[in-house]
Structure formats: C-alpha cells, structure tokens
Amino acid sequence: MTIGNAKAIDLFVEKGRRTANIQVKCISLRKHVGWPMTKSKVWSNVLYVFVCLNDLSKQPSFFIATPSEVRPRVKQYRTRGILNYGSVNSDQFRDRWDKIEAAIHLAK
C-alpha cells in the first residue's frame, strides 16, 4: 500500500507469483459529480477502484473497472477530466471484486 498521493499505484495485489496494480479514487459524497482524472492518466496495467464514501448512514459504494472500461467514460476537458459517478453506477462495475482476481490471473 502506498501512502498519500502516489502517482499511479495505490495497492499491489499478489497471488502466487502474479501481481495486479490497483489505483483507488475516492469521493466523499454522491453529490460530488465524480472522480477527477484525465484520459492520459489511465494506465493500461492498472485496475481502478472508485469509492464513494457516502454519508454516515450508508455504507461506502465501490466500483471496479479495467483501463479499457475507464478510458472511454472519462469526460476530458481542455485542462481537466472527470469520471462521472453515473457512468460506473451499474452492475457492470458495482462491487465487481472478481475483476481483481481476473487481473491477477492475466498478469505475467
């Protein structure tokens, strides 16, 4: 696990001799539109976990996506980009922890 604002990798997951790189993005509440990120910072060898902490009465929400799923969903502007909450708020991404196992399996 890395501490603070690491440039690309927050977690390394290992199973046997295979590893997967994970970047975690977090927003505090749903009222925030989404997670700030740019298309150029979506790395091919990284799995993305998007977290919405929600308010104290509700459990956090987790959305897991591959780089090929993230990149087309990022709305890129001239100086910034954002991944809208609504673009990952579906069963394709919600609590898809199995994608981590798949990423480890595909790792070399």
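Predicted model: local features only at pLDDT ≥ 70, side-chain atom pairs only at ≥ 80, totals over all residues.

Student: Are the residues of β7 buried or exposed?

Tutor: G81, I82, L83 and N84 are all buried.

Student: How many bridges join β3 to β7?

Tutor: 3 bridges join them. Strand β3 covers residues 34-36, and the two run antiparallel.

Student: Which residue in β7 does P36 stand opposite?

Tutor: P36 stands opposite I82.

Student: And β6, how does that strand run relative to β7, parallel or antiparallel?

Tutor: Antiparallel, with 3 bridges between β6 and β7. Strand β6 spans residues 74-76. Q76 stands opposite G81 in β7.

Student: New topic. Where is K99?

Tutor: K99 is in helix α3, residues 98-106.

Student: Why does K99 count as buried?

Tutor: Its relative accessibility is 9%. Buried means under 20%, so K99 counts as buried.

Student: What does K99 touch?

Tutor: Leaving out residues up to four places away in sequence, K99 touches L47, I64, A65, E69, Q92 and F93.

Student: What about T66, how many residues along the chain is that from K99?

Tutor: K99 and T66 are 33 residues apart along the chain. Their C-alpha atoms are separated by 7.8 Å.

Key. Residues numbered from 1 in each chain as written. Heavy atoms only, no water. Buried < 20%, exposed > 50% of the residue type's maximum accessible area, 1.4 Å probe, protein only. Helix = DSSP H or I, 4+ residues; strand = E, 2+ residues; numbered from the N terminus. Pairing = 2+ DSSP bridges. Contact = heavy atoms within 4.5 Å.
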